Amino acid sequence: MEVFGIWVAAFLTLCIYSFLYRDNPLYRFAEHLFVGISVGYGIVLSIHEGFIPLAWNPIWASLTGESLAGLWKLIPIAFGLLFFARLSPRHTWLIRYPIAILIGFGAGIAIPNMLRANIFEQTRGTVAPFGAIYAGTLTPWEIFGAILMVVGVVCTLTYFYFSVEHRGPVKWLSKIGICFLMIGFGSAFGNTVMGRVTLLIQRVDFLLIDWLGSIGALF
């Protein structure tokens, strides 16, 4: 069975990489199989880790008299069922209520996290090294990096500051900010390419060692 699994994985890998030649039925088969398995796995996971422990078990316990605390969960379950109102043209307007609750709840969670991650933590990460500079625990290169970080942040924010016309010093600061942005985009793109190449190396390693090795083991 282990060898059979290796052959199935190798076949699907070759089907996916066959797209490098052109679109073909083998590639579409592997693509549809991947999408179908992903959707099926997500549905089963939602049922066993969401619906059963969070909805079915509490309600069943309430109906059998074991615990009445689960009855309050009928309220969110009822709002969740309103998503299916989209299937009825006469009752489509009911879907506004669960969507409004979902967006409001999601925004209430996301906004503080975004502020903390993108503003407070970034500000702390930019300013924190200067405390170490004052304490004298940084090397000259680390001091240079801390100063360069502040220059990059100030220049980049200046580029996105449109309340003042970009002339004179503001213009030059914004140009330096563009350079920092290009460096950041380039490093992000390079990191993405490295990640994809790593996946390719792993698949080639699987084909050359595991798959061809299983062929040698059979014969």
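Modeller: A polar contact here is a pair of N or O atoms within 3.5 Å, where one must be able to donate a hydrogen and the other to accept it. By that rule, one residue pair is in polar contact between domain 1 and domain 3, with both residues at pLDDT 80 or more. The side of domain 1 that touches domain 3 consists of seven nonpolar residues and one polar residue, with no charged ones.

Bear in mind that the model is predicted. Its protein chain is divided into domain 1 (1-66), domain 2 (77-127) and domain 3 (133-219). The interface you ask about joins eight residues of domain 1 to 10 residues of domain 3 by contact. About 810 Å² is buried between these two domains, and 82% of that lies on carbon and sulfur atoms. On the domain 1 side, Ile6, Trp7 and Tyr17 lose the most area to domain 3, and together they make up 52% of what that side buries. The centres of domain 1 and domain 3, taken over C-alpha atoms, are 34 Å apart.

As for the setting, the protein chain has six helices and zero strands. The radius of gyration of the protein chain is 28 Å, whereas a compact globule of 219 residues would have one near 17 Å. Along its principal axes, the C-alpha trace spans about 70 × 65 × 40 Å.

Definitions and conventions
Residues numbered from 1 in each chain as written. Predicted model: local features only at pLDDT ≥ 70, side-chain atom pairs only at ≥ 80, totals over all residues. Heavy atoms only, no water. Domains from an automatic or database assignment. Contact = heavy atoms within 4.5 Å. Buried area = accessible area lost by both parts, 1.4 Å probe. Polar contact = N/O pair within 3.5 Å; in protein donor to acceptor, adjacent residues only side chain to side chain. Nonpolar A, V, L, I, M, F, W, Y, C, P; charged D, E, K, R; others polar. Helix = DSSP H or I, 4+ residues; strand = E, 2+ residues; numbered from the N terminus. Rg over C-alpha atoms; globule rule 2.2 N^0.38 Å.
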